Amino acid sequence: MSFRPTLFSVPFLERRAELRDDPAWLAAARADAATRYVIAAGSTQLVATGDPAEIAFLPGDHPLVLAAGEADLTLLGWFRGTRTVLVELREAAAAAQLPSSTELRELRPLTPVLSPQSASLLAYARALSLWKARHRFCGVCGAPNLPARAGHVMRCSREGCANETFPRLDPAIIVLVSDAGGERALLGRQASWPAGRYSTIAGFVEPGESLEDAVVREVEEETGVHVTDVRYESSQPWPFPSSLMLGFRAVARTHEITLRDGELEDARWFTRADVAAGHPTLPPAGSISARLIDGWYNAPAGPSLDG
């Protein structure tokens with residue numbers, strides 16, 4: 001098994017966050033003929049239908065871009081050296097104006113065929129689109145929110161409130177648990193997954209809980225296994241809709257499996273020989289779960305994670 005980098009986490013953008021406070025950011029973007037526009041409608045984004053698939057950027061003089069108001073536009077940053085702006089379509093009827101050989105598609109099925117940079121840009125745009133759609137009203141007083149800071153803040157429109165809401169991230173841990181010698185890995189499966197697929201244990205971090213505490217709790221809740229030696233590995237943005245996956249390794253203190261909370265249909269210990277033989281089916285390439293499994297599979301076995 002070869003190393004696979006995680007999706008959506010490659011360097012892809014010069015964000016230039018200081019420009020979000022410039023009241024003339026939109027005028028500058030529209031005046032720049034080189035500005036490129038990413039089109040989104042709900043959770044879908046505009047891509048070219050050729051092979052391979054690629055983002056279908058629109059120029060500033062396209063009717064969909066010209067018709068967009070400031071509330072529909074978000075400054076993403078500089079992608080491959082060019083100013084890039086997100087345009088959110090408000091009406092499905094606007095789809096009739098899409099260029100030929102393009103279509104609005106969901107990101108998840110596109111990830112195997114998009115370049116890593118393009119997939120990362122669309123993940124960023126998708127997360128912002130869904131956040132804005134889900135925070136149209138103030139959580140304090142209920143008045144409508146309006147976008148501010150070039151689309152990166154939702155601000156209450158009621159005078160005297162002006163509560164600000166920032167893009168939301170839901171932290172979730174995901175952990176590769178191995179036995180003390182590193183010979184076996186604990187993997188589980190959900191009933192909704194394709195037959196035979198198993199993956200690492202994962203769950204959301206709760207209020208008042210450290211990441212390490214969440215690892216210990218989630219593994220115990222889902223499998224009954226107690227773990228120690230919790231160590232951070234890497235992370236992955238996961239915009240479905242707004243998670244940040246935080247990857248860990250841990251060592252089991254106990255080995256008996258008891259499914260406790262109903263999250264998993266099954267959980268088992270697998271050896272490297274099992275994985276080499278193709279059993280179980282592993283998570284998709286590029287996912288952080290695949291990366292964690294790769295790290296265990298390719299590490300020499302020993303008395304600890306450093307062995």
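**Side chains, strands and cores**

Student: How does W238 count in terms of accessibility?
Tutor: W238 counts as partly exposed, at 21% relative accessibility. On this scale buried means under 20% relative accessible area, exposed means over 50%, and partly exposed lies in between, with a 1.4 Å probe and protein chains only.

Student: And what sort of model are we reading?
Tutor: It is a predicted model, in which local features need pLDDT of at least 70 and side-chain atom pairs count only at pLDDT 80 or more, while totals for chains, interfaces and linings use all residues. Residues are numbered from 1 along each chain as its sequence is written, and side-chain values use heavy atoms, with hydrogens and water left out.

Student: How many aromatic pairs turn up in the whole structure?
Tutor: The search finds eight aromatic pairs, where rings of Phe, Tyr and Trp (its six-membered ring) pair if their centres lie within 6.5 Å, and planes under 30 degrees apart count as stacked, over 60 as edge-to-face and the rest as tilted. One of them joins Y198 and F270 edge-to-face, at 5.1 Å centre to centre and 70° between the planes.

Student: Why does that pair tie together separate parts?
Tutor: Y198 lies in the loop between strand 11 and strand 12 (201-204), whereas F270 lies in strand 15, so the pair connects parts that are 72 residues apart in sequence. Helices (H or I, at least four residues) and strands (E, at least two) are DSSP runs here, numbered from the N terminus. Y198 is buried, at 6% relative accessible area, and F270 is buried too, at 7%.

Student: Back to W238, then: which ring does it pair with, and at what angle?
Tutor: W238 pairs with F240, their centres being 4.9 Å apart and their planes at 65°, so this pair is edge-to-face. F240 is buried, with a relative accessible area of 16%, and ring pairs link F8, W238 and F240 into a cluster.

Student: Where do charged ends sit over rings?
Tutor: The charged end of R16 sits over the ring of W78, 4.9 Å from its centre, and that of R36 sits over F57, 4.1 Å from the ring centre. The criterion is that NZ of Lys or CZ of Arg is within 6 Å of the ring centre and within 35 degrees of the ring normal.

Student: New topic: is strand 5 covered on one face or both?
Tutor: Both faces of strand 5 are covered, with T82, T84, L86 and E88 buried on one side and R83, V85 and V87 buried on the other.

Student: Which strands pair with strand 5, and which way do they run?
Tutor: Strand 1 (residues 36-41) runs parallel to strand 5 and is joined to it by five bridges, with Y37 having V85 as its bridge partner. Strand 4 (residues 73-79) runs antiparallel to strand 5, through six bridges, and there G77 is partnered by T84. Two strands pair if DSSP finds at least two bridges between them. In the hairpin of strand 4 and strand 5, which has two residues between the strands, R80 takes a positive phi near 55°.

Student: And the largest nonpolar core, what is in it?
Tutor: It has 25 residues, and L76 and L121 have the most contacts inside it; a nonpolar core is a set of buried Ala, Val, Leu, Ile, Met, Phe, Trp, Tyr and Cys residues joined through side-chain atoms within 4.5 Å. Strand 1, strand 4 and helix 3 (116-133) each supply at least two residues of this core, and helix 3 gives the largest share, eight residues. Leaving aside residues up to four places away in sequence, L121 touches F12, L13, V38, I55, F57, L76, F79 and T84, contact meaning heavy atoms within 4.5 Å. A second, separate core has 19 residues, among them L46, L73, L89 and L98.

Student: Last one: why do you call helix 6 largely enclosed?
Tutor: Eight of the eleven residues of helix 6 (residues 288-298) are buried, so the rest of the structure largely encloses this helix. The buried residues of helix 6 include I288, L292 and W296, and its buried residues pack against several elements, including strand 10 (170-178), strand 13 (227-238) and helix 5 (272-276).
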